[in-house]
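Subject: Structure handover

Dear colleague,

I am passing on the structure we spoke about, together with some notes on what came out of it. Please have it open beside this message as you read.

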Amino acid sequence: MTFNDQQGADFEAARLATLEHYDIEDTPPEEAFDRLTRLASQFLKTPMAFVSVVGKERQWFKSTAGFDRSDCAREDAFCAYNLREQKVLVVEDAAADPRFADNPLVTSEPNVRFYAGAPLVTPGGHMLGSLAVFDTKPRTLNDEQLRVLCSLRDIAMDELELRASQHTTTQILESISDAFFALDSDWNFTYLNSHAEVLLQRDKEDLLGKNVWDEFPEAVDLPFYEQYHKAVRENRNVTFEAYFPPLETWFRVNAYPFPEGLSVYFADATDEYRAREALRQRKERLSVTLHSIGDAVITTDPDGRVWDMNPVAEQLTGWAVDEAAGRNLDEVFQIHNAYSGEPVESPVEKVRAAGQIVGLANHTVLTSRDGVTYQIADSAAPMWGEAGELMGIVMVFRDVSEEYFLREQREEERQRFELALRGADLGLWDWNMNTGEVQYNERWAEMLGYDFEELEGTVDDFTSRAHPDDVDRVLEAVQQHGKGELPYIDLEFRMIAKDGSIRWILDRGKVMAWNDDGTPARAVGTHLDITERKRREKERKKREARVEALYDAMSTLAEASTQGSVARQIMHLVARTLHYPICAVRFANNGKLKPASVAPGCRDYMQMPRPVYSLDDEFGAARAFREQQSIHVPDVQIEGRAVAAGTVTARSLAYVPIPGYGVISIGAPEAESISTFDIRLVEILAQNAASVLNRIEREADLRDARDEAQEMSRLKSAFLANMSHEIRTPLTSILGFAEMLADTDLEEPYSDFVLRIQRSSNRLLETLTSVLDLSQLEAGALHLSPRAFIVNEVVEDAVQGFARTAEDKAIELTLSLPDEPVEVMLDRAALQRVVSNLVGNAVKFTSAGGVDVHLTANDEEVELRVSDTGVGISESFLPYLFDPFVQEYSGQARTFEGTGLGLAISRDLIELMQGEITVESVKGEGSTFTVRLPVDQTKDHGA
């Protein structure tokens, strides 16, 4: 798969995930969408209109007007051509459009000729489908009609967003721990969650749309009716507890009014109420006799006037007993709701009404006489006479401010913990090690593809889903931690998902509570899905192994001494190290790409012998060499043009150029089985091969020069050849692997280290090449090869190579060429070296202004002028300018990097081409180098 193919696959996966989030496919018809299709057909005057979404394999119609169809194959969907561009697609005549002429929607019912569709694009940039119109006649749309189509599309997208938000709200309501239902303004049920169904013992389908008081008539005479109406009437939240006899249940209720009705959250408080009731009854028996208990006690007469108070009550209310006696309880005992600030009903009235012990509502605050407030819990009990008459009321209450504070703190901590778990994508487990019960959160279930309700909440539930080979290891780690042998549980293991796939889990946990005998009682921990991380680690190790194997094997390539041995080594590296059965190495010679080495495995998949390609062929190998760029064919059967000559049964092919020398062909029998990473490795191999081939050529040239030179020249040539072998060979590998490292996502400072390695290695390679070239020039061993070429192209290519550097330095690089191509008979490589040296120096020494390259020609000569606005050259240094290894600045004053060989080599090359170079410069203002060369250096230009 190519990089672009991978991008497309990632985009499609994200798009389908987004479509699933909107949950629109196969949903019942909705009037909102039907109205849109009718409007589209009416306003755009087309017989057919639809709203559709494009799934993985089909296009599904949410709403249609003018034709009756639920879906069609994805490949037949017009809007499938527009998934990435996300623009309005208009097909004026589908029968005449090659993309759609054979489409079943065109060739058969509904016989579409005209199509216009506006894409449904989410805020995240994913196209779900389209709002479109069909016509059976060719036509077009004007600008106003296009605007109408887009406006209707926007409305459709708004409806989809509304549905998605409602779906999210439903998920939230289903996940809360309380039971919940919603009523409209007519007291009809509009929603119930599953917890509400359980507590009310009624199915959702039986209640939705029905009146709450009709379905639960017993509640009319209970606090439910009064409190719900109070919440709606006063437009404020109410919280209360009430008993519902038909269900024999006490409920704790929170009701919240909203403009369209009432939201009700409730929970079973029966056990809590019974416990509290038992406590109140015990207080009733004790409070009448125990005046010195730790709680505050106030007693009143039947009318609610204070009789007595104990010291704790005096402290909390701020009233002395003698001052409070005879006053109404409301004056001494001032209580209100902590949240609303509203006064709370008098305990006396509640006791008189109930005739039994009562308690205050939750969140009750007592304000003392001096303004201090206390969060209190209280109860009030009637005192009966022997004849059953009400003798008075006793109030027992206490300061629970700290308890409420701690409770709220715990709730806040719980919420923060839940948020942290969700943010970190962690599953939670809480194991009661005494009972074997385990509590999981929803994310734990989601990791394995289960719904939360499918979990049984036991240790067996976990072990049944853990990989059989890992269960003992996990349980052993738990036992070791319980014995104190491990500080905590921290291990990776496998679990089996609902669909049978294997998920890697990082489990971290700790024992949080211990039994009296020292055995663990409760452990808590988290699960993190690290499957993707493990896959990436495995892939990374695989790649590292391939890189290491290739690096080790390439040491043999550096030892090759002939072109044929280089070809054979390349073939062996690809076949044995990268394990591709198909491999061929071709070298360019006389306009042909000729096989130099072919892997034995080629016989099983390719026609033999392998053909010779012309450099002008359209086959993959020839194109890769011409373009000097790798060509990857993931699947030969679907490739739109020929890639190889003869019979080919291989499914995947790749062609990697050996810069300046030839092409490496690799292949595999399966489609899409050549990875981009392996192609990059072969590119590094090709670069190393080119360096080795270059070394072989240069070593041959050095040997020829050594044989012709004097003894001193021979010794120097031997030294330089040895330096070329001993320095260039490892340097080439350094450059190749540094380039590969640079393509990875390294973090700082390692990315900077790689950049420095590349920069220093290239500088060393440039220095080595310059020294070798200068040596050959001085020894007269460098022989030029004049041939005809267009000088305009060479100059333009050389200048273009410095465009990026000039842009980075914010200087202007301009080029002026003759209007007509100028053909010359010169050494092309020598001229390119001269132009590159002059333009490179001009860009390097210019920090502001610009560099101008000007080429002119006549029948006899060509003139190249390179001018810059750089630092310039002092008059005293001009006589030494073309001396090798000499620079105007050296030591600590040196500002610009360089070997001091570029101008010396350029001058010698120009003289070998029978030309001349001159320079004009003003220190601090800039320099102009002028090169004059004959149009044909093979002619005699002597006096």
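Does Thr367 count as buried or exposed? With a relative accessibility of 18%, Thr367 counts as buried, the cut-off for that class being under 20%. Please bear in mind that this is a predicted model. Thr367 belongs to strand S16, which covers residues 364-367, and, leaving aside residues up to four places away in sequence, Thr367 touches Gln334, His336, Val372 and Thr373.

Seven of the seven residues of S29 (residues 662-668) are buried, so the strand is largely enclosed by the rest of the structure. The burial applies to both faces, with Gly662, Ile664, Ile666 and Ala668 on one side and Val663, Ser665 and Gly667 on the other.

As for the pairing of S29, strand S24 (residues 582-589) runs antiparallel to S29 and is joined to it by six bridges, and Cys583 has Ile666 of S29 as its bridge partner. Strand S28 (residues 652-658) is also antiparallel to S29, with seven bridges joining the two; here Leu653 is the bridge partner of Gly667, while Ala654 has Ile666 as its partner. S28 and S29 form a hairpin with three residues between them, and Gly660, which lies in the turn, has a positive phi of about 85°.

Lastly, a word on the cysteines. How many disulfides does the count come to? The count comes to zero disulfides, where a pair of cysteine sulfur atoms would have to lie within 2.5 Å. For Cys79, the closest cysteine sulfur is that of Cys72, and because the separation is 8.1 Å, the two are too far apart for a bond. Cys79 is buried, with a relative accessible area of 2%, whereas Cys150, at 21%, is partly exposed.

With kind regards

Note on methods: Residues numbered from 1 in each chain as written. Predicted model: local features only at pLDDT ≥ 70, side-chain atom pairs only at ≥ 80, totals over all residues. Heavy atoms only, no water. Buried < 20%, exposed > 50% of the residue type's maximum accessible area, 1.4 Å probe, protein only. Helix = DSSP H or I, 4+ residues; strand = E, 2+ residues; numbered from the N terminus. Pairing = 2+ DSSP bridges. Contact = heavy atoms within 4.5 Å.
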